[in-house]
Amino acid sequence: MRTLLIKNAQSVATFDHALPSAAREFRDASLFIRGHRIEAIGPAADLPQTADEVIDARGHLVTPGLINTHHHMTQSLTRAIPEVQNAELFGWLRGLYPIWAGLTPDMVFVSTQIAMAELLLSGCTTSSDHLYIYPNGVRLDDSIEAAQQIGMRFVASRGSMSVGQSQGGLPPDAVVENEDAILTDTQRLIETWHGTRHGAMVNVAVAPCSPFSVSQDLMRQSALLARSYGVRLHTHLAENDHDLAYSREKFNCTPTQYAQDLGWLGHDVWHAHCVKLDDEGISLFAATRTGVAHCPCSNMRLASGIAPIRKMLNAGVPVGLGVDGSASNDGAHMVNEARQALLLARVGRAMQPPETRADEAGGQRSFFGCDLGPAQMTARDALSMATRGGAQVLGRTDIGHLAPGMCADLALFNLNTLAFAGGAVHDPVGALLLCASPQAAYTVVNGRVVVRHGQLTTVDLGPLIERHNHMARQLAIHGHQTQ
């Protein structure tokens, strides 16, 4: 099997919780990879000095590959659309549904690769995607084939919408599907694409879109289908106040109670956003090990609010990070997403009453009111959500941290750059989030170098961008003609 040596790294942050905390970060270390697995990590002098490929990692920080737990990749075609730049969730969706109705299979393929290129260049090695609109012959296979070509590890979520405006839902009737057809296609996708082996490059998840776009029966049937095949379940939940009000008006319950009633809590479920998760919801999520995809940039962009992430983590809720759709974030940079998660958690905590902050910190306060306890979100907490947390949310035990036997998914960041000046000399790991968000110098997925010297190795990015921009113009013209 082919070997790869990451040699003489300035710092290696493993996030391996099997090690004592003091031993999780190495200085002047190397990693030796054989095939798709890490074989050894440790002091550079103790590891092999040669391999089929050697990457000189002097002056670099090595981290586990970052993991994106929620995305809508086709939305890269509709970034910064003027009509919805200032809209909140429901108005934003109403403005974009008619445009997305013009999607074609080629558009899905190209936009998926654009989104994945952004992610890979930011050090992300695994991403989920929630495709829930299927006009004009679009299939989830279009996204999966795009992922295979560009080299990203992929959790393809078969989304769906079945309740249109005529039935009290939010989407136009023209973009919803028949529920039997949804379930049949979902079964086909699982049987065709879902991988179960160590290092599987494609997983399929079952993912009805939201309480305001699918029926309760489809939610129940989707859960039964997913569990009969042992695959994961995903949907949006409790994203903003309007989402909360819809659940109360239509179902006479909170979003968490709605999910519980439909069988949508459990270790095999993860929900996107959960901005408005209340204390009862947090307790239920923790007790059932139900996961959350935290999307801080999107939640700010759409004015949805600040998710109580510190409270969720303290309660034991599995939490990963998601960049969310390219049209509600307008970027897909996982280091920046982790940075925003860190900063937003601190802002959210500062907005709490002082007595609440003191309680979280164990009641300790200094004379000047400074927090003395450990409840503050740290850079390593945020990076843990972006790595280990994401793996847990996606149900993967072979990615998310660096250790022998784990998949060789990792990112290298050049510390000798302007963004890190004065920061990396003190704390390379903390500087990754506290300084300006960098691009990855190298990204390795399953032992394969897919970003080298800051450039993609798997696709020619220039022609891809040109083709994507042409499609974005076409799609916008189609949407404006149909509105």
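Reply: A contact here means heavy atoms within 4.5 Å. This is a predicted model, where local features need pLDDT of at least 70, side-chain atom pairs count only at pLDDT 80 or more, and totals for chains, interfaces and linings use all residues. Residues are numbered from 1 along each chain as its sequence is written, and side-chain values use heavy atoms, with hydrogens and water left out.

Me: What share of the contacts joins residues at least 24 apart?

Reply: Counting contacts between residues at least 6 apart in sequence, 76% join residues at least 24 apart.

Me: How many helices and strands are there?

Reply: The protein has 16 helices and 17 strands; these are DSSP runs, H or I of at least four residues for helices and E of at least two for strands, numbered from the N terminus.

Me: Why is the protein called as compact as a globular protein of its length?

Reply: The globule rule is 2.2 Å times the number of residues to the power 0.38, and the radius of gyration is taken over C-alpha atoms. For 483 residues the rule gives 23 Å and the protein has 22 Å, which is close, so the label holds.

Me: What makes a residue buried, and which ones are in H6?

Reply: Buried means under 20% relative accessible area, with a 1.4 Å probe and protein chains only. In helix H6 (residues 241-251), that goes for Asp243, Leu244, Tyr246 and Ser247.

Me: Why are they said to line one face?

Reply: Seen down the H6 axis, the buried residues fall within an arc of 160°, so they line one face of the helix. The arc is that of the directions from the helix axis to the C-beta atoms.

Note on methods:
Buried means under 20% relative accessible area, exposed over 50%, partly exposed in between (1.4 Å probe, protein chains only).
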